[in-house]
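Have the structure open as you read.

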Amino acid sequence: MAHHAIGQRQPLIDGIEKVTGSALYTADLPAREALVGAILRSPVAHANIRAIDVSRARAMPGVRAVITGDDCDVPYGVIPIAQNEFPLARGRVRYCGEPVAAVAAVDQATARAALAAITLDLEPLTAYFDAASARASDALQLHDDQPGNIARDVDHSFGDVAGGFEAADLVLEERFHYAEVTHAMMEPNASLASWDAERGRLTLHTVSQVPYYVHLILAQCMRLDAAQIRVVKPFVGGGFGHRTETLNFEIIAALLARAASGTVKLELSREESFVTHRGRPETDVRLKIGLSSSGVIQAVDCEVVQRGGAYAGYGLVTILYAGSLLHALYQLPACRYFGLRVYTNTPPNGAMRGHGSVDVRHAFESMLDTMAQTLGLDPFAVRRANLLAIPHRTINDLQVNSCGLSECLDKVQAASGWQQRHAHMPKGRGLGLACSHYASGSAKPVHWSGEPHAVVNLKLDFDGGITLLTGAADIGQGSSTLLAQTVAEVMGLSMERLRVVANDSAVTPKDNGSYSSRVSFMVGNAAINAAKALRQVLLEAAARKFALPVENVECHGEYYGVAGSAQVLSYKDVVTLALQTGGTVTVRGSWSTPRETQGGKFRGAAVGTSAGYSYAAQVVEVEVDEDTGMVRVVQVWVAHDCGRAINPLAVEGQIQGSVWMGMGQALSEETQYHKGLHMRANFLDYRIPTIVESPPIQTFIVEAPDPNGPFGAKEAGEGSLSGFLPALTNAIAHATGLRLHELPASPDRLLDALQARRRAQKLAAAKSAAMQKAQV
């Protein structure tokens, strides 16, 4: 009887190594006689570089290499049309902490001494730490080809926006502000680079989510043929988007290794990892929504300004996502979006879990609640009034083929006791609702090459074991386990027959990387196609033995038999027969997104497109202390439509992780700078929630299978994040009557808002009393 792997609560195949401490992360890798790399960083946020004197450092005993911006004159960046960053600053520094020089030495003490011996001659320039000052008419241009310090502007309009607002029974416009947040991944950044001087070859082990992109950028910046480079991803301790682009330290490690003709290990401190940043930008949102009296959305007008930091990075994608993902959650008949991504003298922002969608979703869901209250409607009723009819093509050309949001709403409404409890909460307690969604990978890759979106190779040899070769980066989300499960399901075999080899460019096929929740959907489909090809090879081998057409042979996992007959061959015997025709069997499976899911023809249309979208609803219960401003999350109920839960254990973990990460941004996380200097570059001052603050999270898996997904599966790791923030602030509003338009909802902010309301109430009462007295 065939084994079934799909839908099983499968422990992660790399879990034993992680929990026993035997997993080797980049900083753990043994490297005989490796030199120690170290980076000298700019002490100021904005300055012209007049000179960098490295002569004393180069003369020091034990120093094997010193490099500056003169050693790499090729810019880089994750988006091919927006590459304006150098691994080491050239001509100008644009943020405090930007790398300006680097050394490789025999030990850490010597490396530090060499950095101290380098003299910087900098000409300070006016620095801009917020979007407004950077956009001022008299502001210096941070980049000569970017007038007004605008990295990207977006102006999209779909449908009759003016007519929609005119037809609306209620129109509301509000402004929101969101602090910058960062990834706070557990593992600090590190790279191990080895240069083979005789062969002119580079090997880099690094903490990347996108080894393929790192490979491309190394070849570009070092002016090497890509065949001279090997990139390996060891175990990675989280990424959350920080590692979805090539980062400066990876290139610096490679440059140092070549300069020193040896091996260099470059480990960044926690502070340096914070300064490398690439997190969610400080954002201002102006949002206007028009509703009918029954809660149906008539029109939307949204404006977003993001403080993007010093370089382009993922910026043009982030600002496009913010507008694109206004769509595909609810029916929007008319929508205008205007977005600005602004250069500032702060560390560059980039992709972060829920990329581009989180802040705007908070604003949208907050306003839906406000407007529901004004119209006398239940928040659930307003969401249900705007559900998509599937299949659905949005007005900005996103194709939605599955949506389980209605069932998600049903689950959390029942579990939270909303109907029984919402109107009867005790003082200081509140319930809040919000919905959210996310893409299962971008329908168009960042680097468009015409190749398949995903490729998986399978190798079958004499032992009967199947080796799955993939370039997809498992960074803790469990993708390697999921891929093994899909192959085991198609083959009807137990997981014990599978092994996964991932992320070695010398061995595994290229993969675009782990970003935008693409791996489960895209690589999962490629793995299924590879497994089908391998199964066909074995069916044909069995058919030859039976001397029958292949259509008459059936695969039952551990045996192959003739349909309607007792004739069978064991799996191992069939493997032996298959090997007789040509030895080791290697097959390939690939997958690309269907053309109809790749969006429209307007500028920026590709961003936000996906072959499938996940959906989520959640209710949050809070307890608010109005004397201190403290908010305690009592419980969270969250339902997530993942299409099909290939591994329910991993899906639940991803949903809980999304909620927890959203809680950090909602309640406590924010970066802060003083004249460009990071003030919270550690885990004491950058306040991520601990187990003390973590509430019970009751998860519900909803399965609305997507016709394009692997066994119907969709993403599970991002869609629930953005719903937590508005569910929390809606719950705070329910508990206190106060709606927050600025996050995080830290005690100081909430207390300030509560006290401001008390002062306003006292003033209003005094005025009323005075008017009554005057009338008497």
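Pro744 sits in the loop that runs between strand S31 (742-743) and helix H19 (747-775). In this predicted model, the peptide bond that links Leu743 to Pro744 is cis, with omega at about 10°.

Another cis bond turns up at Pro391: going from Ile390 to Pro391, the peptide bond is cis and omega is near 0°.

Now for phi. Which value does Arg278 take? Its phi is near 80°, which is positive, and Arg278 is a residue other than glycine. You'll find Arg278 in the loop between helix H8 (270-276) and strand S13 (282-291). Is Arg278 buried or exposed? It's buried, at a relative accessible area of 0%.

Ser516 also belongs on the phi list: this residue other than glycine has a positive phi, near 50°. Its spot is the loop between strand S21 (498-502) and helix H15 (519-546). Ser516 has a relative accessibility of 11%, so it counts as buried, given that the cut-off is under 20%.

| Residue | Phi | Relative accessible area |
|---|---|---|
| Arg278 | near 80° | 0% |
| Ser516 | near 50° | 11% |

Notes:
Residues are numbered from 1 along each chain as its sequence is written. This is a predicted model: local features need pLDDT of at least 70, side-chain atom pairs count only at pLDDT 80 or more; totals for chains, interfaces and linings use all residues. Side-chain values use heavy atoms; hydrogens and water are left out. Helices (H or I, at least four residues) and strands (E, at least two) are DSSP runs, numbered from the N terminus. Buried means under 20% relative accessible area, exposed over 50%, partly exposed in between (1.4 Å probe, protein chains only).
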